[in-house]
Amino acid sequence: MVGFVQDVTEARQAEEQTRNFAYYDKATHLPNRTSLEQFLSDLFAPPNGVNGQVGVLTIHLTRFREINFTLSHGEGDQLLRAVGARIIETLEGNGFVSCVSNSQFAVAIKGADGGRATETAQKIFAALQTPFLIAGINYGLGAHVGIALAPTHGNDAATILRKSDVALFQAKQSGRACVIYDPARDPYNPQRLALIGEFRKSLLAGELRLYCQPKVDIRSGNIVGAEALVRWEHPSYGLISPDQFVPLIEKTELIHALTQFMLEASIQQCIAWRREGVFLPIAINLSPRNLVEPTLVHNLQHTLSSFGAEPEWLGLEITESSLFVDPQLTIKELNSLSKLGFCLYIDDFGTGYSSLSYLLSLPVNVIKIDHSFTMRMIEDKKAATIVRSTIDLAHNLGLQVVAEGAANKEIWDSLKLLGCDEAQGYYISRALPAQEFLPWMQRSGFGVARTLRSGQSIH
């Protein structure tokens, strides 16, 4: 009899080590994203599929990158292990916990509906508020949580994880602790991505439509201008609102083509109105990408010259967040635009960074109060305080104020008592197709000011 004996200990150890690298996070020793995907795939696998509901929570540590830069490699890993342990402790054994990236964890909970998933997210958020003691120093971490639910938002691992990531992005963008996935706010919806592919063709096909929402001087009751808005008249989907395509276009070079369309359409509308004896300015929104475009001022001048138009015919609206893409370049561009004679607005004031120091250096003429404050000012004292304080601040700085969201007479009357200059909103009118603006104006009951720019009427 001849026998062979082979020691396979090292081979098995190597196999186990390979498995650990493939399915477990090296720093925390928790299951990684691959393990999470496998866990969810097993839950969704036929013949039974999901038995009840499953909630997936994706957790982002907001200050980890900053803290990690100050720690050694070992201490950073120690902090991540402590975070993982605290999440597991918070769940009390209910849930599959994984570390899916350097600053992100994910939790899958069987039988979790929206209420339970939100409650769990809030518990995790609260648990992470307590500082972590690493190498004798307390480190505080913040967190945002995105939530997706099966089968409501999908019934496969890839879909649920994608939608949980989108919800996390929405939570970070809005500054909220946790957000449940909302398909209406998903900029990565496949249909919407397909629309972006069609957008350039839509420009050439003439499918974009100019809409105008009127602005009224509150003291006189006169119509003094309009804000330019866009709609896409799609041959298959009908009229598409801007929130369905503009956020995605803003991330691409196509935003310059859209801005150019809005400029030309608005100037042509001003010309049409002037032929009828109506001298109203139209305000156009500029995106952050527009403001860092080196040829912005030249393009504006060239466009005006091509139509024989003047800068006073247009207002240019920028959001607070635009200032933080490249503050120095943005301020330089705005100074150039102001010198040319454009009326400059800060749009959605109060919803961005609200840095008062920038108000001192920006050549703006008007502050627009965001509708989220105006529409709540009647029942919410804090919102009313913000509206009142913004009006007082603007006037003390020599600026005018336009309140968006004037949805009813009660809000209108409150704005009038607070001394707000102008308003726009459903109480006045929804956005109208540009060709319907003059007929509406004649039957609206509001007066008409022959206006070159906000607050400067020609008599």
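Let's start at Asn290, which sits in helix α10, residues 288-291. A word of caution before going on: this is a predicted model. Is Asn290 buried or exposed? Its relative accessible area is 2%, so Asn290 is buried. Its side chain has a polar partner. A polar atom there lies 2.9 Å from the backbone nitrogen of Ser287. Now look further along the chain. Setting aside neighbours within four places in sequence, Asn290 is in contact with Ile255, His256, Thr259 and Leu296.

Next, the whole chain. The protein chain has 459 residues, and 48% of them count as buried. There are 17 helices and 20 strands. Take the contacts with a separation of 6 or more: residues 24 or more positions apart account for 67% of those. The chain exposes about 22,700 Å². Carbon and sulfur atoms supply 51% of that area.

Now a helix: α6, residues 157-174. It has 18 residues. From first C-alpha to last, α6 reaches 26 Å, close to the 26 Å expected at 1.5 Å a residue. Look at its start. A side-chain oxygen of Asp156 comes to within 3.3 Å of the backbone nitrogen of Ala158. Now look at the other end. Just after α6, Gly175 takes a positive phi of about 75 degrees.

Which residues of α6 are buried? Here is the list: Ala157, Ile160, Leu161, Lys163, Ser164, Val166, Ala167, Leu168, Gln170 and Ala171. Keep the helix geometry in mind while you look at it. An α-helix has 3.6 residues a turn, so residues three or four places apart point the same way.

On to strand β8, residues 208-217. This strand is mostly covered, with 9 of its 10 residues buried. Which strands pair with β8? Begin with β9, residues 222-234. β8 and β9 pair in the antiparallel sense over 9 bridges. Pro214 has Ala226 of β9 as its bridge partner. The two strands form a hairpin, with 4 residues between them. In that turn, Gly221 has a positive phi of about 75 degrees.

Now the aromatic rings. How many aromatic pairs are there? The count comes to 9. Let me show you the pair of Trp412 and Tyr427. Their rings are tilted, 5.6 Å centre to centre, with 45 degrees between the planes. This pair links distant parts of the chain. Trp412 is in helix α16, residues 409-417, and Tyr427 is in the loop between β16 and β17, 15 residues apart. How covered are they? Trp412 has a relative accessible area of 7%, so it counts as buried. Tyr427 comes to 31%, so it is partly exposed.

Compare that with Phe437 and Trp440. These rings are tilted as well, 5.8 Å centre to centre and 55 degrees between the planes. Both residues lie in helix α17, residues 437-443. They are 3 residues apart, about one turn of the helix. Phe437 is at 0% relative accessibility, so it counts as buried. Trp440 is buried too, with a relative accessible area of 9%.

Trp273, Trp412, Tyr427, Phe437, Trp440 and Phe446 form one aromatic cluster.

One last stop: Ser361, in helix α13, residues 356-361. Is Ser361 buried or partly exposed? At 35% relative accessibility, it counts as partly exposed. Ser361 and Ile331 are 30 residues apart in sequence. In space, their C-alpha atoms are 7.6 Å apart.

That's my tour. Over to you for comments.

Terms used: Residues numbered from 1 in each chain as written. Predicted model: local features only at pLDDT ≥ 70, side-chain atom pairs only at ≥ 80, totals over all residues. Heavy atoms only, no water. Expected span 1.5 Å × (residues − 1). Buried < 20%, exposed > 50% of the residue type's maximum accessible area, 1.4 Å probe, protein only. Polar contact = N/O pair within 3.5 Å; in protein donor to acceptor, adjacent residues only side chain to side chain. Contact = heavy atoms within 4.5 Å. Areas by Shrake-Rupley, 256 points an atom, 1.4 Å probe, with all protein chains shown as cover. Pairing = 2+ DSSP bridges. Phe/Tyr/Trp six-rings, centres within 6.5 Å; stacked < 30°, edge-to-face > 60°.
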